[in-house]
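Here are my notes on the model you asked me to look over. Have the sequence and the structure open while you read.

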Amino acid sequence: MDILTIDAGGTHIKVKASGEAESRSVDSGPQMTAADMVAAVKKLTADWKYDVISLGFPGPVAHDAPLKEPANLGKGWVGFDFAAALGHPTKIVNDAAMQA
């Protein structure tokens, strides 16, 4: 099973997939919405194959969902259906917990 890891940060969105030699990134910032992040990830990973996604979110998370809007990114993260938008089963955790 190949996993795509997404680190959603206030300055960059970083992605890395199992079996890929290098990570890729795009600038983010206070205007980046959840939908913008999904579009950027799809563009960055268009030539990669993966089965599931692990998303590190910069804020509190419970039951695979952000509990509040991130401080350093745009709006629209709370209540967003990441699995449907990304087209793969998606596990969401706090980004610091994911790094640990």
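This is a predicted model: local features need pLDDT of at least 70, side-chain atom pairs count only at pLDDT 80 or more; totals for chains, interfaces and linings use all residues.

1. Start with the largest nonpolar core, which has 23 residues. The members that touch the most others are Leu-4, Ile-6, Met-37, Val-41, Trp-77 and Phe-82. At least two core residues come from each of strand E1 (3-8), strand E2 (12-17), helix H1 (34-44), strand E4 (52-57) and helix H2 (82-86). H1 gives the largest share, six residues.

2. Now look at H1. Its buried residues are Ala-34, Met-37, Val-38, Ala-40, Val-41 and Leu-44. They span an arc of only 165° around the axis, so they sit on the same side of H1. What do these buried residues pack against? Their partners are E1, E2, strand E3 (24-27), E4 and H2.

3. On to the aromatics, where there are three pairs. In one of them, the ring centres of Trp-77 and Phe-82 are 5.9 Å apart and the planes meet at 35°, so this pair counts as tilted. Both partners are buried: Trp-77 has a relative accessible area of 0%, and Phe-82 comes in at 3%. Ring pairs also join Phe-57, Trp-77, Phe-80 and Phe-82 into a cluster.

4. Last, the charges. The structure has three salt bridges. Lys-14 pairs with Asp-7, with the closest N and O atoms 3.4 Å apart. Here Lys-14 is partly exposed at 39% relative accessibility, while Asp-7 is buried at 14%.

5. Asp-47 and Arg-24 form another salt bridge, with the closest N and O atoms 2.8 Å apart. Asp-47 is in the loop between H1 and E4 and Arg-24 is in strand E3, so the pair ties together parts 23 residues apart in sequence. Asp-47 is exposed at 55%, whereas Arg-24 is partly exposed at 28%.

6. Lys-91 and Asp-64 also form a salt bridge, with their closest N and O atoms 3.4 Å apart. Lys-91 belongs to strand E7 (residues 90-94) and Asp-64 to the loop between strand E5 (61-62) and strand E6 (65-66), so this pair links parts 27 residues apart in sequence. Lys-91 is partly exposed at 46%, and Asp-64 is partly exposed at 33%.

Key. Residues are numbered from 1 along each chain as its sequence is written. Side-chain values use heavy atoms; hydrogens and water are left out. A nonpolar core is a set of buried Ala, Val, Leu, Ile, Met, Phe, Trp, Tyr and Cys residues joined through side-chain atoms within 4.5 Å. Buried means under 20% relative accessible area, exposed over 50%, partly exposed in between (1.4 Å probe, protein chains only). Helices (H or I, at least four residues) and strands (E, at least two) are DSSP runs, numbered from the N terminus. Rings of Phe, Tyr and Trp (its six-membered ring) pair if their centres lie within 6.5 Å; planes under 30 degrees apart count as stacked, over 60 as edge-to-face and the rest as tilted. The arc is that of the directions from the helix axis to the C-beta atoms. Contact means heavy atoms within 4.5 Å. A salt bridge is a side-chain nitrogen of Lys or Arg within 4 Å of a carboxyl oxygen of Asp or Glu.
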